[in-house]
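Keep the sequence and the model open as you read.

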Amino acid sequence: MIRSLTLALLLATAAPSLAAEPAAAPDYSAALADPARPAADRERDAARKPAELLAFAGIAPGEAVGDYVMGGGYVTRLLAAAVGPEGHVYAFQPAEFIAFKKQYGDDQAAVDAAYANVDAVAGPFAAPPFPVPLDTIITVQNFHDLYLKPFPEGTGDKASAALFAALKPGGTLIVVDHSAADGSGTTLSDSLHRIDKAAVVAALTKAGFAVEAESDLYARPEDPRTANVFDPSIRGKTDQFALRFRKPE
């Protein structure tokens, strides 16, 4: 069982300053105002804080970026506008998700068709076949899914290694997910769709990543972290952590 002290020690030794943000973050207002973004996405912006997320990730024009488990494409569309015509976004949807629910494939195809600089990527959850080395990978509210009961033991470790391999040396991985109780590890991933932040740090540092920064962008200390994230009483109001990892040069 991973304890909060373990996370504190990892964070304390991971980087000189966890509070530091990437220097000179671009202005993301144009990305948010992109007319290709549907109204439903814009309605979610107040809670999802897209400009702040892009800044924490350090997304810049011209980059090659992966959206790991793109879902309905909210983050993919933001990334496509932020990297611009000289950049590229690889929108990954697990084959297992598409097989479970056709809508996942339909959503991926729609975003792929709407943006010239987006390519759809599909494959095993634990082995995303990104075709080029990436500057950054973002995964939002999906890391806990690697520990759901339908997936075999070891899926989390395999996926962590695959994400590490997919990045250029010096590349970054951004993980946002729903917070579980300290010390719970991955045990609540299936029942509550939450994961202990320390478990994420442990899995990714095992894969070779270094923790670079943590943001309280989505912190909601009033959330007791005891309810399923889809429970109407807490949905959209969960405490979430945001971590930035770096692949060593």
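What is the volume of the largest pocket? The largest pocket has a volume of about 1,400 Å³.

## Basis

This is a predicted model, where local features need pLDDT of at least 70, side-chain atom pairs count only at pLDDT 80 or more, and totals for chains, interfaces and linings use all residues. Residues are numbered from 1 along each chain as its sequence is written, and side-chain values use heavy atoms, with hydrogens and water left out.

## Strand β1

Start with strand β1, residues 64-68. Helices (H or I, at least four residues) and strands (E, at least two) are DSSP runs, numbered from the N terminus. Five of the five residues of β1 are buried, so the strand is largely enclosed by the rest of the structure. Buried means under 20% relative accessible area, exposed over 50%, partly exposed in between (1.4 Å probe, protein chains only). Both faces are covered: A64, G66 and Y68 are buried on one side, V65 and D67 on the other.

## Partners of β1

β1 runs parallel to strand β2 (residues 88-94), and five bridges join them. Two strands pair if DSSP finds at least two bridges between them. Y68 has F92 of β2 as its bridge partner. From β1 the chain passes through helix α5 (residues 74-83) to β2, a right-handed β-α-β crossover. Right-handed here means that, with the strands pointing away from the viewer, the path from the first strand over the helix to the second runs clockwise.

Strand β4 (residues 134-140) also pairs with β1 in the parallel sense, over three bridges. V65 has T136 of β4 as its bridge partner.

## Largest pocket

A pocket is an open set of points on a 1 Å grid over the protein atoms alone, where a 1.4 Å probe fits, with protein on both sides within 12 Å along at least five of seven lines; lining residues have an atom within 4 Å of a point. Grid points are joined across faces, edges and corners, and a volume is the space filled by probe spheres set on the points.

The largest pocket is lined by 44 residues, and Q141, N142, H178, F230 and R235 are the closest to its centre. α3 gives the most to this lining, with five residues. Elements supplying at least two residues each include α5, α6 (95-100) and β5 (167-178).

## Second largest pocket

The second largest pocket has a volume of about 270 Å³. Its lining has 15 residues, with Y147, E153, G154, G156 and T186 nearest the centre. α8 (155-166) and α9 (197-206) each supply at least two lining residues.
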